[in-house]
Every structure is written in C-alpha cells, then in structure tokens.
Amino acid sequence: MTSKDCGNHGHHIHTRRRFVRLLFAGILTFLLIVLIVILLVWAILRPSKPKFILQDATVYAFNVSYPSFITSNFQVTVSSRNPDDRVGIYYDRLDIYATYRDQQITLRTSIPSSYQGHKETNVWSPFICGNSVPVSPYNSATLSQDQGAGFVMLMIKIDGRVRFKVGTFMSAKYNLHVRCPAYIQFGSRTSGIMVGDNVVKYQLATSCHVSL
C-alpha cells in the first residue's frame, strides 16, 4: 500500500467517524424534541381527576343478626363533576358497594357506562344491598356497639375504569377508585327525613377521595 493509499484510508475512517457522531447527535436531538413535545402535551392537556360527592343515603334496611350477619339495603346518590374544560371522560365501568371497617357488607352494583363532557356533572342513584352477609365477629360486635351509640361510619366505594378524550385523541384505560365516608346517625330519625315506613333519607354532601 502506498503512502497515498494510506492517506485516503485515514480520510475515509475520519469521515465515517464524523458521520457516526453526526448520526448519533441527530438521534439524540430527535429523541429530546419528542420528549419535550410529550411533556408539553402532558402539561397542557393532562386530565384532571373527576370530583365525586356523596349527596345522600336512603336507608331501607340495616340489621345485624346473630351470630355475625348483616342485612342492608341503601339507595345512595352520588354526583361526579368533570372540572376540565378540554378533556372529556368515558366511564367504561363503575361498580359501587359499601364497606364497614374495610369489610365489604353489600354486593357490587354496576352503574351504567356514560360519557361526561367538559365541565359536566353526572348524577347516579343506585341501590346497594346485601342479604345476610357474614362479617367477622369483631366487626359484628363493634357494629352493634356503634348502633347502640346511635351512629355508624360506613364507606361507600366505587371502583371502575375510565378513559379521557381530548379532541379526537382517546387515552388508554385508567383504574378509578372513589372512597366516600358516610356518617349515618341510625339512632336518631330527627337527623334524617322519613320517606316511608321505617325508611329514612340522610343528607350527607360528603366529598369523596378520588385516585387514578
């Protein structure tokens, strides 16, 4: 190989290395631009969590029987507001039920699928009930004490799946969890409204904790 050939070979290697560096820099620049665009879109259009309120609870039955069973029948009114003026919400699935001290005491009731537009509010009034549902002996004893004291703290829970719509773009599905404390004074009918024989409606207007 002549000195001229060696010079050309060195020039080709330098050119190739320069091309690789430029290609690498171009790829990094492109990825950085894509990341910045994604962050900007997320910052501008990120969906806000819907706001849930437990408005009231109508108690048709709530009985604890020996040894450790509970029978309950409620109708609850729950509202959901979409606070976003750019993003719509698809409620693909919503299941509502009641718990006492982290133990489920009613069956799950499905709420029909629905769409919630910008700044819109949806209101649902489902029935949730359980017939002779077994509860732990500890919870049964504590529940009897709470009833004797005249008040019971229940938790109305909603689990579901939602999607967010921005223009024609549809997001992936997100898990939705709603927790609404329901403080009910069973021992005093004066705290509620009689709407039938042994049926009492309690106004609650309780804000719920929402997580996605």
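Buried means a relative accessible area under 20%, exposed means over 50%, and partly exposed is what falls in between. The model I am showing is a predicted one.

I start with salt bridges. The structure has six of them. Take Asp85 and Arg86, whose closest N and O atoms are 3.6 Å apart. Asp85 has a relative accessible area of 47%, so it counts as partly exposed. Arg86, at 39%, is partly exposed too.

Next, Lys201 and Asp56. Their side chains form a salt bridge, with 3.9 Å from N to O. This pair joins distant parts of the chain: Lys201 sits in strand 13, residues 199–207, Asp56 sits in strand 1, residues 51–65, and the two are 145 residues apart. Lys201 is partly exposed at 26%, whereas Asp56 is buried at 7%.

Asp159 is buried, at 9%, and Arg108 is partly exposed, at 43%.

Last, Thr77. Thr77 is in strand 2, residues 69–81. Its relative accessible area is 11%, so Thr77 is buried. The Thr77 side chain makes a polar contact of 3.2 Å with the side chain of Ser125. Beyond its neighbours within four places in sequence, Thr77 is in contact with several residues, including Val123, Trp124 and Asp56. Asp56 is the residue from the salt bridge with Lys201.

Terms used: Residues are numbered from 1 along each chain as its sequence is written. This is a predicted model: local features need pLDDT of at least 70, side-chain atom pairs count only at pLDDT 80 or more; totals for chains, interfaces and linings use all residues. Side-chain values use heavy atoms; hydrogens and water are left out. Helices (H or I, at least four residues) and strands (E, at least two) are DSSP runs, numbered from the N terminus. Buried means under 20% relative accessible area, exposed over 50%, partly exposed in between (1.4 Å probe, protein chains only). A polar contact is a pair of N or O atoms within 3.5 Å; within protein, one must be able to donate a hydrogen and the other to accept it, and residues adjacent in sequence count only if both atoms are side-chain atoms. Contact means heavy atoms within 4.5 Å. A salt bridge is a side-chain nitrogen of Lys or Arg within 4 Å of a carboxyl oxygen of Asp or Glu.
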